[in-house]
Structure formats: C-alpha cells, structure tokens
Amino acid sequence: MNFDEIINRYGTHSVKWDMMEKLYDVPASDGLAMWVADMDFRPPQCVSDALQAMVDHGVYGYYGDDTAYREAITWWMQTRHGWTVDPAHIFTTHGLVNGTAMCVDTYTEPGDGVVLFTPVYHAFSRVIKAAGREVVECPLVNNDGRYEMDFAAYDTMMTGAERMVILCSPHNPGGRVWTKDELQGVADFCKRHDLILVSDEIHHDLVYPGHSHIAMPLVDPTILDRLVMMTATTKTFNIAGSHSGNVIIPDDALRAKFAARMAGLGLSPNSFGLFMAEAAYSPEGAEWVDALMLYLDGNRQLLDSAINAIPGIKSMNLEATYLSWVDFTDTGMAPPEFIDRVQKQARIAPNHGDTFGSGGENFLRFNIATPRALVEQACERLTEAFSDLQ
C-alpha cells in the first residue's frame, strides 16, 4: 500500500497521461494530469495476484459459473453498506457508462426527457443525447459551497415528457454524500412524476471519515419497483480498464426488460473484469480501501489548504470521491483566463467545469488520487499561477 510511489504511466496507453498534451496542450515533459477519474496507484495485491493466476494458467477461454463472483458482490454490499443484494438481480455491463446507456435504451424512447441534477458527471448527458433523448437539467443550489436540491423548483420544471432520473450518489463533481432526507426527496420526486430512478453509486466506497453513504434501496423500499442500482469495483480499486460494472435491479418486470435488451444486443462481460472484481471484493480489498481513504484525506486537506489560501478561489468540501471541485467565480476571471493560467502557467490538466452542465461554468475539477508529492507540486504551481491575487 505504498501510495507515495510515483509510477510513470507515460507510454502505457493511459488516457489520463498519454492524451494530456493533445487535448489540453499541457506538456508531457512536466505536466500534471489531474483530469480523467482514475488513480495513479496500483490496485490491491489480491487483484494483481488474480490476474497473475490467469496468466500462469495461460488459457483465456469463455468464463463460466459466476457463482463466486456474484457472492463476492453480495458479501461486499452487505459488509460495507448494510445492503442485502439477491445475486440473481445482478447484471454485468461493460462499465457503468455502458450501464447508463443500457438503462436509457431499455426504459425510455427517443424524445423522452431524462432528468439530471446538474452540474453532474458529463458522460450522462453524452449518452442521453446520443440516444436521441432530451436532457432535462435540474440545477443544484450552491449554498455557500455545498450543493443542495430544490425539489419545489424541480416540480415546476416537469412537463410530463420525462421518464427517468439519473442520480449520482455520492455526487460527482461536488463530492456530496447525500443525506437520508435528501435521498428520500429524490425518491418522492420520482414517485410524484412517475420516473424510473437510476442511482449511479460508483463512488460509494470512496467516502471520507465523518460521512456515511446510504444505498438507495435502504432509504425507501417503496421505490424498488422503479429503481435501478449501478455499482462497480472499477472506481474503488482503480481497475477502470477492466470495463466492468454492475446493474442491480430488484423489480421483476424491470429486470426482465433489461435482460431482454442485454440478450438482444449480445452483451456479456469479459473474464478479466470478473476475476478482478471477485478478488477486489474481499477482506484484503477492504483493508486496502480503508488505507486509501486515509491517504486521500491527506491529499484533500493539502489541496484545500492551498486553494482556499488564494483569494477568489475556493474548493468545495469533499465528503466523498477523489475529485476536487474548485470554484473560480470570485476571481472575476472569465473561464478562458483561469483555464489558461492553470494549463499554460501551472501546467496542470483539469476537467473543464462547463462539460458537467449548468452551474459548472466557473469550476475546474482536479483529480487528487495521485502520490502526495504530485499534489504538492500542483499546489505550488497553482499558488504561483495566481500569485497576483495574493
């Protein structure tokens, strides 16, 4: 668990590092990649051992008998989240962006509205639009640096053409761990407007001390007939390249419909992802996650201290995720100016806030899941790039 080890990812087909210069004009020679949401850490040894066992066996045929894989998922959800999952309710998709797209394709029709609480993870709107559906943005309220929901306002926005809500819980990019009352508000909103609720909980293991994530089925059992849950090992254990995600559907009718669509598209998971997930969802994996969150908490505090010391710039208080959401509004700068300072002067590649939808225009998202020495470099560079404000 040496999270301080700096691993050179250049030339490894890493989107985060090998595409940084092309997409952000941040030099590969000394740039810091802080955009794509994967970590610069090796996964738990148990995951590497599982892959090594596959290599040592040397035959990479079709995967069969996924009983142990499903049991690992149910054990993790029960042990870490107090959520009892029926193994028969689990589908494995090609990651959760694919899972999102599958839900949109299965439960809505072209022209239907899909509700997002924005700003929110940019892939949601991308797949909704690509499927010919309409994105319905319900803006989150930024209450003194903390996102909140305004369901009274959202009620007035509904036209009757909406069929689905996609919730990000915990929230990306704002880092909120939604409270039970807030999640109940989402459930009630979906019942009032007869909406399918897709709850993307991919960040549910990445929660900081003092906060507790609540799985949506534990909030209100009366919404199980409209609920689709999405979880994955990929974000938790830094194995996004395995492209493996779980769509968990308690309701028989919703599950049958999803199963039919999966069969119609001929979709099935790859064996590497299943072996990695089974290994990760284990006591050894749990120990690794606990150590990871303590380390990330140190990175979070370091970046927050540096950012909030620069007049006009402030970071939202992260309750979960390793994605710092930084507000440049009070600098008085237009996005091109503060983006130029971050990318050209500080030589850091962050995600641009406008890609997350309404309310994100004056923000940048910084990935802090990297060795502390690189976070320290980022802090020094940002302080220098905005030194005239101090």
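Two strands are taken to pair if DSSP finds at least two bridges between them, and the legends below describe close-up views of a predicted model.

**View 1. Helix 13 packs against helices and strands through its buried residues.** In this helix, which spans residues 335–345, Phe338, Ile339, Arg341, Val342 and Gln343 are buried. The elements that the buried residues pack against are helix 2 (20–24), strand 13 (348–349), strand 14, strand 15 (363–367) and helix 14 (372–385). Helix 13 is followed by Arg347, which has a positive phi near 55 degrees.

**View 2. Strand 2 is covered on both faces.** Within strand 2 (residues 90–93), Ile90 and Thr92 lie on one side and Phe91 and Thr93 on the other, and all of them are buried. Strand 2 pairs with strand 10 (residues 245–248) in the antiparallel sense over four bridges, and Phe91 stands opposite Val247 of strand 10. His89 lies in the loop between helix 4 (67–81) and strand 2, and because its relative accessibility is 15%, His89 counts as buried. Although His89 and Ile248 are 159 residues apart in sequence, their C-alpha atoms are 5.4 Å apart in space. Apart from neighbours within four places in sequence, His89 is in contact with Val247, Ile248, Ile249, Pro250 and Arg255.

**View 3. The largest nonpolar core has 97 residues.** Phe117, Met216, Tyr322, Phe366 and Phe386 are the residues with the most contacts inside this core, and helix 12 (residues 283–308) supplies the largest share of the core, ten residues. If its neighbours within four places in sequence are left aside, Met216 is in contact with Leu167, Leu183, Val186, Leu197, Ser199, Glu201, Ile223, Leu227 and Met229. A second, separate core of 25 residues includes Phe91, Leu96, Cys168 and Ile196.

**View 4. Val55, Tyr60 and Phe272 make a nonpolar surface patch of about 290 Å².** Val55 is located in helix 3 (residues 45–57), and because its relative accessibility is 47%, Val55 counts as partly exposed.

View 5. Most peptide bonds are trans, and most residues other than glycine have a negative phi.

**View 6. His13 and Asp65 have a positive phi, although neither is a glycine.** His13, with a phi of about 60 degrees, is found in the segment before helix 1 (15–18); because its relative accessibility is 78%, His13 counts as exposed. Asp65, with a phi of about 55 degrees, lies in the loop between helix 3 and helix 4 and is exposed, with a relative accessible area of 62%.

Note on methods. Residues numbered from 1 in each chain as written. Predicted model: local features only at pLDDT ≥ 70, side-chain atom pairs only at ≥ 80, totals over all residues. Heavy atoms only, no water. Patch = residues over 30% accessible without salt bridge, like charges linked within 9 Å, V, L, I, M, F, W, Y side chains within 5 Å. Areas by Shrake-Rupley, 256 points an atom, 1.4 Å probe, with all protein chains shown as cover. Salt bridge = Lys/Arg side-chain N within 4 Å of Asp/Glu carboxyl O. Helix = DSSP H or I, 4+ residues; strand = E, 2+ residues; numbered from the N terminus. Buried < 20%, exposed > 50% of the residue type's maximum accessible area, 1.4 Å probe, protein only. Core = buried A, V, L, I, M, F, W, Y, C linked by side-chain atoms within 4.5 Å. Contact = heavy atoms within 4.5 Å.
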